[in-house]
Amino acid sequence: MKPALIVHGGAWDIPDDAVEACQSGCQRALTAGWSILSSGGSALDAVEAAIVVLENDPVFDAGYGSHLNLDGRVECDAIVMDGATLRAGSVAALQRIRNPIRAARKLYELGPHMMLVAEGAERFAKDNGIALCNPKELIAPSEREAWQHCRKDQHAAANHRGHEQGTVGAVALDAHGQFFAATSTGGTCCKLPGRVGDSPLIGCGCYADIEAGAASATGCGEAIMKIVMSKHAVDLLRTWFASDAATLHPGSTPPARNAAAWAQPASPAMRAALNAVALLAARTKATGGIILLDRAGHLGFAHNTPRMAYGYVQPDGSFLTSV
Ligand code: ASP
């Protein structure tokens, strides 16, 4: 099996001055993941390695540099899902874990359950060898400043200009045919304490099924939940593989940024991504993006936001990153 890897760093109105940092983050994430995949390593190790790079980079809304909640604290969510067994490890509302994806993986590998939240999730991680950190260590100065602006007046996107959103995700297929997807986020800025978005929910911010494909979504969490976006995209692939008759969601209109790709006879993976974003727009009026691989490793991506940070490994092994 030929390995494949695609990553994203969030879909939002990325300003010009953040483009380079987002692209370089995706490039480093690809480097970390591909060095594992290209030497015969596992898709699980690859998605974890890619996500750790993105979590450690404050330009993204995950791990260090996550948005602060209304109380001024970082609360992170993460998930990893195995396309072969459909088993996931999902953690939410973590305040003391530097790399939430590592906690998600531990739960996937060792836990009796598939999702743990808050103190219970942190205790499980600690009991399984993941060090807890001081919650303050997760706060980047730019996020603290944005939060202080919001506290003075009220929450406003303008206060977060330059770092509104930037959930991260990765999907990988390895040489042994193993298929994993992962998503990690700090959620939305000034969210109510305890808020959990789509990202760590199976089928919403992430889904993987080796019989069809695997996806990681980003964007307005409450809207993504409504359409169970990642599962929707993977289910399209399942249907299309079964019937080989790909049709777009009736009544949907192509997102402006993707109009050209939409007009082309795109691959099923690309059509599934476009369709999922079109459904998000049509049924919830919200914005977001998605990356995915179909079961053969063909990639798809789409967004109806002005920009999305993403990157993938091309058939010749070179990396393509874009914002
Ligand atoms: N979907 C994430 C959430 O709502 C945010 C994002 O993707 O930017 O928590």
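1. A residue is called buried when its relative accessible area is under 20%, exposed when that area is over 50%, and partly exposed in between, using a 1.4 Å probe and protein chains only. By this rule E48 is buried, with a relative accessible area of 13%.

2. The structure is a predicted model, in which local features need pLDDT of at least 70 and side-chain atom pairs count only at pLDDT 80 or more, while totals for chains, interfaces and linings use all residues. Residues are numbered from 1 along each chain as its sequence is written, and side-chain values use heavy atoms, with hydrogens and water left out.

3. How many salt bridges does the model contain? With a salt bridge taken as a side-chain nitrogen of Lys or Arg within 4 Å of a carboxyl oxygen of Asp or Glu, the count is 13.

4. One of these joins R105 to E48, with 2.9 Å between the closest N and O atoms. R105 belongs to helix α3 (residues 100–110) and E48 to helix α2, so this pair ties together parts that are 57 residues apart in sequence. Helices (H or I, at least four residues) and strands (E, at least two) are DSSP runs, numbered from the N terminus. Like E48, which is buried, R105 is buried, at a relative accessible area of 14%.

5. A salt bridge also connects R28 with D57, where the closest N and O atoms are 2.7 Å apart. R28 is in helix α1 (residues 16–37), whereas D57 is in the loop between α2 (43–55) and β2 (76–82); the pair thus links distant parts of the chain, 29 residues apart. R28 is partly exposed at 39% relative accessibility, but D57 is buried at 11%.

6. E222 and R195 form a further salt bridge, their closest N and O atoms lying 2.9 Å apart. This pair, too, links distant parts of the chain: E222 sits in helix α6 (residues 221–227) and R195 in the loop between β6 (179–185) and β7 (206–209), 27 residues apart. E222 is partly exposed, with a relative accessible area of 37%, and R195 is buried at 14%. Elsewhere, salt bridges with shared partners join D45, E48, R102, R105 and E109 into one network.

7. C150 is buried, at 4% relative accessibility.

8. For C22, the closest cysteine sulfur is in C26, at 6.9 Å, again too far for a bond. C22 is buried, with a relative accessible area of 0%. A search of the whole structure finds 0 disulfides.

Conventions: A disulfide is a pair of cysteine sulfur atoms within 2.5 Å.
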